[in-house]
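Welcome, and thanks for taking a look at this one. Here is a short briefing to read alongside the sequence and the coordinates.

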Amino acid sequence: KMTSTSNKEREILKHICDGKTNKEIANILFISPSTVDFHRSKIYSKTHCTNVLEVYKYAVKKGIVAIT
């Protein structure tokens, strides 16, 4: 589903899967929460996911994150 993702989108996707909020991700990556929200929207759009669980399942299936 997700064809071309930027490194930043993959990085944010990993943090989303860790359960972090936009504000927490923003603090980690030294960007604004609105920028995180922009990337989150692009991730959801590209993956055709509608919630965090679907995004997590997508990330596991694609090998972006591992179940620990």
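**Helix packing at a glance**

Helices α1 and α4 cross in a left-handed manner. Please keep in mind that the model is predicted. The protein holds 4 helices and 0 strands, and its elements follow the order α-α-α-α from the N terminus.

**Overall form**

- The protein has 68 residues, and a compact globule of that length would have a radius of gyration near 11 Å; the value here is 11 Å, so the two agree.
- The C-alpha trace spans about 30 × 25 × 20 Å along its principal axes.
- Of the 68 residues, 35% are buried.
- Taking the contacts with a separation of 6 or more, 47% come from residues 24 or more positions apart.

**How α1 meets α4**

- Two packed helices are described by the angle between their axes and the distance between those axes.
- Helix α1 covers residues 7-17 and helix α4 covers residues 52-61; their axes come within 10 Å and cross at roughly 120°.
- On the α1 side, the contact involves Leu 13, Ile 16 and Cys 17, which meet Val 52, Val 55, Tyr 56 and Ala 59 of α4.
- By residue class, this contact of α1 with α4 has 7 nonpolar residues, with no polar and no charged ones.

**How α2 meets α3**

- Helix α2 (residues 22-29) packs against helix α3 (residues 33-47) at an angle of about 110°, and their axes lie 8 Å apart.
- The two helices, α2 and α3, are therefore roughly perpendicular to each other.
- From α2, the residues in the contact are Asn 22, Lys 23, Ile 25 and Ala 26, while α3 brings Pro 33, Val 36, Asp 37 and Arg 40.
- The classes in this contact of α2 with α3 are 4 nonpolar, 1 polar and 3 charged.

**A look at Thr 21**

- Where does Thr 21 sit? Thr 21 is in the loop between α1 and α2.
- Thr 21 has a relative accessibility of 41%, so this residue counts as partly exposed.
- Thr 21 and Pro 33 are separated by 12 residues in sequence, and their C-alpha atoms are 8.9 Å apart in space.
- Pro 33 also belongs to the α3 side of the contact between α2 and α3.

Notes:
Residues numbered from 1 in each chain as written. Predicted model: local features only at pLDDT ≥ 70, side-chain atom pairs only at ≥ 80, totals over all residues. Heavy atoms only, no water. Axes fitted to C-alpha atoms, helices over the stretch in contact; angles between N-to-C directions. Left-handed = near helix turned anticlockwise from the far one by under 90°. Contact = heavy atoms within 4.5 Å. Nonpolar A, V, L, I, M, F, W, Y, C, P; charged D, E, K, R; others polar. Parallel < 35°, antiparallel > 145°, perpendicular 65-115°, else oblique. Rg over C-alpha atoms; globule rule 2.2 N^0.38 Å. Buried < 20%, exposed > 50% of the residue type's maximum accessible area, 1.4 Å probe, protein only.
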